[in-house]
Amino acid sequence: MKLIAQNFKGHYREIILGPLFKLLEAILELLVPLVMANIIDVGIRNGDAAYVVKNGVIMLVLAVLGAASAMVCQYFAAVAAGHFGRRLRKQVYHHVLSLSQAQLEEFGAGGLITRLTNDTNQIQNGVNMAIRLGSRIPFLAVGSIVMSFIINWKIGLVFLLSTPFIVLVLYLIMKRTVPRYSEIQQNQDILSRLSGENLEGTRVIRAFSRQQQEQEDFEKAGDAMSNITVRVGKISAALNPITTLIVNLAIVAIVWLGARLAFNAASQPGQIIALVNYMNQTLLALIMAANLTVLFTRALASTKRVAQVLQTQPSIVNGPGATEVTGAPAIAFNQVSFAYHQGGEAVLEDISFTVAQGQTVGIIGGTGSGKTTLAALIARNYDVTSGEVLVNGVSVKQYALHVLRAKIGMVPQKAALFSGSVRRNLTLGAPTATDEEIWQALQTAQGADFVKNLPGGLDAIIEEGGKNLSGGQKQRLTIARALVRRPQILILDDSSSALDYATDAALRRALKEDTQTMTTIMISQRAASIKNADLILVLDDGKLAGMGKHRQLLQTSSVYHEICASQGMAEPEVTP
Amino acid sequence: MKNKRNAGVLRRVMGYVTPYKKLLFGSFAGAVLSVPLALAGPVFIGRAIDAIVGTGNVNFTGVWQNLLLLGLTAGIAAFLHWVLQVCTRKISVLVAQEMRQQAFNRINAAPLKRIDTTPHGDLVSRLVNDADAVAEGLLQGLSQLIPGVLTILTTLVMMLVLDVSIALVVIIITPLSILFARFVVRRTGRLFTKQSQAQGAMSAFVGEMVTNQNLLRTFGAEAVSEAEFDENNQQYFNANFKATVYSSIINPGTRFINAVVYAAAGTFGAVIAIGGGITVGGVSAFLAYANQYTKPFNEISAVTTQLQSAVAGAKRLFEVMDWEPEQPDAKNALAPTSCKGAVEAKAVNFAYNPGRPLIQNFTTAAKPGQRIALVGPTGCGKTTIINLLMRFYEVDSGIIKVDDNPITGIQRSALRSLYGMVLQETWLKWATVHENIAYGRPNATREQVVEAAKAAYAHSFIKRLPKGYNTIIETGGGNLSAGQKQLLCIARIMLAKPDMLILDEATSSIDTRTEMLIQKALEKLMQGHTSFIVAHRLSTIQHADIILMMNAGKIVEQGTHPQLLAQNGYYARLYNSQFSIEE
């Protein structure tokens, strides 16, 4: 909460003055029926037209002053809430970027996005409404009752008796309806899911001729939503009629009591009219208060969700700084084990190997054998569960994070690109790279030709997720993106899977020439891609099932032999 | 022109509304009766007050009678108001549901070309959000518009009957409120559009960045990204601030005009009352009317925006409903339940876009039980051939036959059920593993499902899932690996036991060792069944009976593996390239 509240800083003036101005308006508003009562009970009774006009002018002045102070408050509220929201979003975004991969996965990308957009909006809206209505509504509700007591305490009792009834009705109806709205939302999500699923699966659905069934499923979900909506509607539609009825009955009581009191000179018609007016005002204020409660509950839930993120301390933070050891191996794993969750199943177990500067390492293994995880540990996207990962002779935990990561060029398995120009994408890790450097990287990545042919070349616009590029084109751009950084360590995670064999071979040739001094880690499922590596690591279910060169491994590692056999590469003679 | 079209849409929506005669009656009757009854209240209050003449002079019978009337009318009005709400809610929900279902059904009857070329997100939003907008618009329209207009008219009449000159004061000042609201709404409309654009831009940015946060991290691009975020954030702030300020003056503004009307009516009424032109009770009734006279105007203007979005939503739903459905099957179309598996294509031409021919003069023939492999670079038309075989798309010219029957003479559903299809893009439903495997044979027993899963080598991982065969697979199979999803798709085919097979890159996301196992399973499945195989791993298709080497929509080479190697053309080059290492 404190973390979130700090975003109010600098706008305390608006936050305090805003409600005060709104309070002023409410006070002025409450005075109007009183003035009107005087017009009737004094002006009309005495036939004093001048008095009537004078009081009429007073009412006008009250209206002008009230409107002016309300406007001031609205403006203050917009300023304070707007800046608050802007700072909160900035704070949350900054914090999200500092979280580690594991923490990110815990919240889920979707969860973080909602928190950054919907939840912050919800909170901002709550702040806005609190400034605008937080003082006005309770004051109007309580003020009306107080005014009724000032005018005539006996009739005031009617207020005291009827308000609890109104509050009770509001409470009961909202208690029954508000939770249902999230149920309706869930039903809507089901409809979205079913329609999305139907569209994605059109071919399969038609291949199995299951359209009829799909339509019935959709109809069932739609009916369920309609039913619940109608049911909730029946209850919520009662809110206005019932409360209005209570108020009307209260008015009956007020007028009846007023008549009896007037008989004994204890009341006057103008007063009764004013009291009727206050009664109506009470109802309006209470209904608004009920709506406000819902809004605040929602804002509060959002606040909790956002606070949950802000309170999460980044689990991977900068090390104290590192003095690299000259001549040390580029990468070393010392008995490294890793599990995604504490006490969970180990994804990597007891992995040890060293890679000399400039070497090319191939990592091969089946799906789920831990190849990608191993690469992630080098960039310290996760911390090892036990053991140690060293880069240039120093534990990765010793490095400042940006120093460590500046050494690494990563080409992830999923060829993710950002919307924006080709240049913006390629300079992601090297904002100062020149066009020449970019083209050189593209050349190596076998992407120069197709980028040249894009309209605008480096300025060509890539759509979100690279939708306007083919899989192979995307992969080549992600390779170039890593190369632009001129990293010491290049990690290629199965990043030529969408390339045809010829391009793949050309890429490997170019990489070999261009990256003499780079230590390269190549993860692949194709034995052909890695068979010439200086060192091949064979992973099987998180364990090292072989380490060495191709020919040697064919002899010593049965897993490796099996993989090669399945790809027609078991016999060295097959290679022409 | 635009109005005319909107009127057409509205008429069509009304076509869905009118069948609910009883509900409509309830809704209208509720409005027509409840409004005047509710508005009679102030008159009764006024008369009761007039019965209080002064100290010692109160006509208690008059007070009591009028209060009784007030209580009665208020009670009846409350009940009728509720009836009105419930009836309109029901109508609006049912109409929206019907429209949504019709649109959904039409999607399922439309040619695939429609579905392939329309963004899916847009269609989902039509089915969900637009249908919702229709429901909301109808609800507001029916429950606010008619009562609103009635309220204005009744109040007007009541005021004119009470006193013409005070009524005129109210009638002259009130339009100010409407003009003011209209001015603000028009201004804010534009500002809100800007705000939602800025919001959309920021959401898109955040979505992209957060889902790819690992990239930002490994590329040390956090600071750059934060700077970009700040820019988006600032823009959103600017748009949001203006929209908030403008929209937040509506309430105090209308309140102000209301207060002016109240003051004017009160003062004027009091002056006239001094002259004896109106009673004190009359003044009180006037004040009550003056207080709420602007309300229906504002409500109606709010409803207009609601109605606009409803009309827009309805229009988008109607667009889908008006999609041309697939050409229905011919009346005398065949409905074979099995086939021998002779497939023949003769001079087939096809283009997704007229003017950009893709498949050109495609001719081949598969004898029953043969295995046909389609090979070639991306975009050469391999997958398109499958679309044509399954009649997802119709050929532009030429003919495709199954067992000597042109496929255009076979019912689509029958033709498709002859094939079993495993695609690269796996598709699974949000349903249990069992239901997914049994998708093609919904009444298969658990034993049959398990047997199919075993044959597809999926049984062992299914057993390890939290609830085994009853584990729910989430959308897109998020809780399964790509390979596991593919195994389930294969099991689905294993259970359906079709006469012919189509495998489109079926094993591309499975590692080669697992692939060997599946290959064995598929081998079993293909035994004696005509099969079409698309693959880019050439090792998997070497034993095919016919390899069709395709390039740019044409078959460039056709033959068996040894034949094609001997030709030393495209195929041989492609085959050799996978072994050309960086020597």
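Reader: How many helices and strands does chain B have?

Author: Helices (H or I, at least four residues) and strands (E, at least two) are DSSP runs, numbered from the N terminus. In this predicted model, chain B has 19 helices and 14 strands. Its radius of gyration is 36 Å, well over the 25 Å that the globule rule gives for 583 residues, so chain B is more spread out than a compact globule. The radius is taken over C-alpha atoms, and the rule is 2.2 Å times the number of residues to the power 0.38.

Reader: Which residues of helix α18 of chain A are buried?

Author: An α-helix has 3.6 residues a turn, so residues three or four places apart point the same way. A residue is buried if 20 or more other C-beta atoms, placed from the backbone, lie within 10 Å of its own. In α18(A) these are A:Y501, A:D504, A:A505, A:L507, A:R508 and A:L511. They lie on the same side of α18(A), because they cover an arc of only 160° around the axis, judged by the directions from the helix axis to the C-beta atoms.

Reader: How many residues does each chain bring to the contact?

Author: Two residues are in contact if their C-beta atoms, placed from the backbone, lie within 7 Å. Chain A brings 127 residues and chain B 117. On the side of chain B, helix α3 (residues 60-109) gives the most, with 23 residues.

Reader: How should I read the labels and limits?

Author: Residues are numbered from 1 along each chain as its sequence is written, and chains are lettered from A and ligands numbered from 1 in the order in which they are written.

Definitions and conventions: This is a predicted model: local features need pLDDT of at least 70, side-chain atom pairs count only at pLDDT 80 or more; totals for chains, interfaces and linings use all residues. A residue is buried if 20 or more other C-beta atoms lie within 10 Å of its own, exposed if 12 or fewer, and partly exposed in between; C-beta atoms are placed from the backbone.
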